[in-house]
Amino acid sequence: MRTALLAAPALLLAGCTTASAPAPTTPRAEASQAPAPTPTADTVHALGASVDADDITVTAYAYKALPAAGATQHGVIDAKACNRVAEDRTVSQGPWLLSFADDTEAEAGGTGVLRPEYPFDGRKLRPGQCVRGWVPVELPKSARRPVMVVYRPSLPGRELRSVSWRIP
């Protein structure tokens, strides 16, 4: 009798593991349901890529080194900005810069280097309006070829997204 009582739970457990019972499964994510990665500030784009940077869409099409004029050397960035919100936005050369492999940067600034020139002091863009032109950058005398074009806007009290494009 004692043997029968001890064997009964074993038979009950054995009955729970029959071949007809479904095996436990763990949920598995399907590749088609995974969201696409969201670009971050660390993403470096190819020249020509248009990227949303807060309220505007910016594009760096090209970088070009200009022949040195005396002691001054310049480079230019072919840049475009489009207002994608319902209010006016102001754009200028200020956020554009060149980045070098040694972590130094050269900020935009200057006029008359190459036409059409990107707005210098700032230009209001109406909703949906775009502006494109060359952004001049005075390069340091010791500068080697820049490795990236960077758009780094700033606005007091608000953190804005930077965008980078690799120069081939």
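With 115° about the S-S bond, the link of cysteine 82 and cysteine 130 is right-handed. The pair bridges distant parts of the chain: cysteine 82 belongs to strand β4, cysteine 130 to strand β9, and 48 residues separate them. The model is a predicted one.

### The disulfide

A disulfide is a covalent bond between the sulfur atoms of two cysteines. Here the sulfur atoms of cysteine 82 and cysteine 130 are 2.0 Å apart. The count for this structure comes to one disulfide.

Are the two cysteines buried or exposed? Cysteine 82 has a relative accessible area of 16%. Buried means under 20%, so cysteine 82 is buried. Cysteine 130 has a relative accessible area of 36% and is partly exposed.

Now take the pairs of strands. Strand β4 covers residues 73-83. It pairs with β9 in the antiparallel sense, over 10 bridges. Within this pairing, glycine 75 has valine 137 of β9 as its bridge partner. Alanine 53 stands opposite isoleucine 56 in β3.

How many residues of β9 are buried? Strand β9 spans residues 130-139, and seven of its 10 residues are buried. The strand is therefore mostly covered. In a regular strand the side chains alternate between the two faces of the sheet.

One more contact involves a charge and a ring. Arginine 132 lies over the face of tyrosine 61. The distance from the ring centre is 3.6 Å.

### The five-stranded sheet

A second open sheet has five strands, in the order β1-β11-β10-β6-β7. Its pairing is mixed. The edge strands are β1 (44-46) and β7 (105-107), and each pairs on one side only. Neighbouring strands are turned by 30° against each other on average, direction ignored.

Strands β6 (residues 96-99) and β10 (residues 148-151) run antiparallel. Four bridges join them. In one of these places, leucine 97 has valine 150 of β10 as its bridge partner.

Strand β11 (residues 163-166) contains serine 164. Serine 164 has 10% relative accessibility and counts as buried. What does serine 164 touch, leaving out residues up to four places away in sequence? Its contacts are Thr43, Val44, His45, Met148, Val149 and Val150. Serine 99 is 65 residues away from serine 164 along the chain, yet their C-alpha atoms are separated by 9.2 Å.

### The aromatic rings

A pair of aromatic rings is described by the distance of the centres and the angle of the planes. The count in this structure comes to three aromatic pairs. Two of them share tryptophan 96.

| Pair | Type | Centre to centre | Angle between planes |
|---|---|---|---|
| Tryptophan 96 and tyrosine 118 | edge-to-face | 6.0 Å | 80° |
| Tryptophan 96 and tryptophan 165 | stacked | 5.6 Å | 25° |

Tryptophan 96 has 0% relative accessibility and counts as buried. Tyrosine 118, at 1%, counts as buried too. For tryptophan 165 the value is 0%, and this residue is buried as well.

Ring pairs link Trp96, Tyr118, Tyr151 and Trp165 into a cluster.

How values were computed:
Residues are numbered from 1 along each chain as its sequence is written. This is a predicted model: local features need pLDDT of at least 70, side-chain atom pairs count only at pLDDT 80 or more; totals for chains, interfaces and linings use all residues. Side-chain values use heavy atoms; hydrogens and water are left out. Buried means under 20% relative accessible area, exposed over 50%, partly exposed in between (1.4 Å probe, protein chains only). Helices (H or I, at least four residues) and strands (E, at least two) are DSSP runs, numbered from the N terminus. Two strands pair if DSSP finds at least two bridges between them. A disulfide is a pair of cysteine sulfur atoms within 2.5 Å. Contact means heavy atoms within 4.5 Å. Axes are lines fitted to C-alpha atoms, for helices over the stretch in contact, and angles run from 0 to 180 degrees between N-to-C directions. Rings of Phe, Tyr and Trp (its six-membered ring) pair if their centres lie within 6.5 Å; planes under 30 degrees apart count as stacked, over 60 as edge-to-face and the rest as tilted. A charge sits over a ring if NZ of Lys or CZ of Arg is within 6 Å of the ring centre and within 35 degrees of the ring normal.
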